[in-house]
Amino acid sequence: MILHTVNKPCQLGLALRLASDGDCLLLIEDGVYAAMSLTSHTGSRLYVLAEDAEARAIEQHIPAAIARLDYRGFVELACRADIVNSWF
């Protein structure tokens, strides 16, 4: 499994196209803004870093279907991943 971390909204489209089924995408930093416009996604598991969404006061605008992770969850997900690919 590959964990794709996305820190800019403009990188999400490319990350989604290149992610395989079973991969995970984690929206971090300003990448959390992209979550507000997502209504559906493919076979990749999609997460948002809760602290980053809260810091930008957008947590209420993120669809419920997108799982929230805290920093501990981020570390656990990164440890489970075979590869971590950062989209900056």
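Which residues does Glu59 touch, if we do not count those up to four places away in sequence? In this predicted model, the answer is Ala53, Glu54 and Arg68. Glu59 itself sits in the loop that runs between α2, residues 50–55, and β4, residues 67–69, and with a relative accessible area of 35% it is partly exposed. If you look from there towards Tyr47, you will find that Glu59 and Tyr47, which are 12 residues apart in sequence, are 12 Å apart in space, taken from C-alpha to C-alpha.

Tyr47 brings me to the sheet. In β3, Tyr47 is the bridge partner of Leu26, and the two strands concerned, β2 with residues 24–27 and β3 with residues 45–49, run parallel and are joined by four bridges. The sheet as a whole is open and has five strands, in the order β4-β3-β2-β1-β5, with parallel pairing. The edges are taken by β4 and by β5, residues 83–87, and each of these has a single partner strand, so that one side of each is left without a neighbour in the sheet. On average, and with direction ignored, neighbouring strands of this sheet are turned by 25° against each other.

Let me turn to the loop between β1, residues 2–6, and α1, residues 12–18, which is where Gln11 is placed. Is Gln11 buried or exposed? At 19% relative accessibility Gln11 counts as buried, because the cut-off for that class is under 20%. Leaving aside the neighbours within four places in sequence, Gln11 is in contact with Val6, Trp87 and Phe88.

Next, the charged pairs, where the count comes to three salt bridges. In one of them the side chains of Asp30 and Arg56 meet, at 2.9 Å from N to O. This pair links distant parts of the chain, since Asp30 lies in the loop between β2 and β3 whereas Arg56 lies in the loop between α2 and β4, 26 residues apart. Both partners are partly exposed, Asp30 at 37% relative accessibility and Arg56 at 24%. Arg56 also forms a salt bridge with Asp52, where the closest N and O atoms are 4.0 Å apart, and Asp52, with a relative accessible area of 10%, is buried. Taken together, Asp30, Asp52 and Arg56 are therefore linked in a network of salt bridges.

What does Arg72 form with Glu76? The two residues form a salt bridge, with the closest N and O atoms 3.2 Å apart. Arg72 and Glu76 both lie in helix α3, residues 71–80, and are four residues apart, which is about one turn of the helix. Arg72 is exposed, with a relative accessible area of 61%, while Glu76, at 39% relative accessibility, counts as partly exposed.

Finally, the cysteines. How many disulfides does the structure hold? The number is zero. Cys24 is in no disulfide, and the nearest cysteine sulfur, that of Cys79, is 13 Å away. With a relative accessible area of 1%, Cys24 is buried, whereas Cys10, at 63% relative accessibility, counts as exposed.

Key:
Residues numbered from 1 in each chain as written. Predicted model: local features only at pLDDT ≥ 70, side-chain atom pairs only at ≥ 80, totals over all residues. Heavy atoms only, no water. Buried < 20%, exposed > 50% of the residue type's maximum accessible area, 1.4 Å probe, protein only. Contact = heavy atoms within 4.5 Å. Disulfide = S-S within 2.5 Å. Pairing = 2+ DSSP bridges. Axes fitted to C-alpha atoms, helices over the stretch in contact; angles between N-to-C directions.
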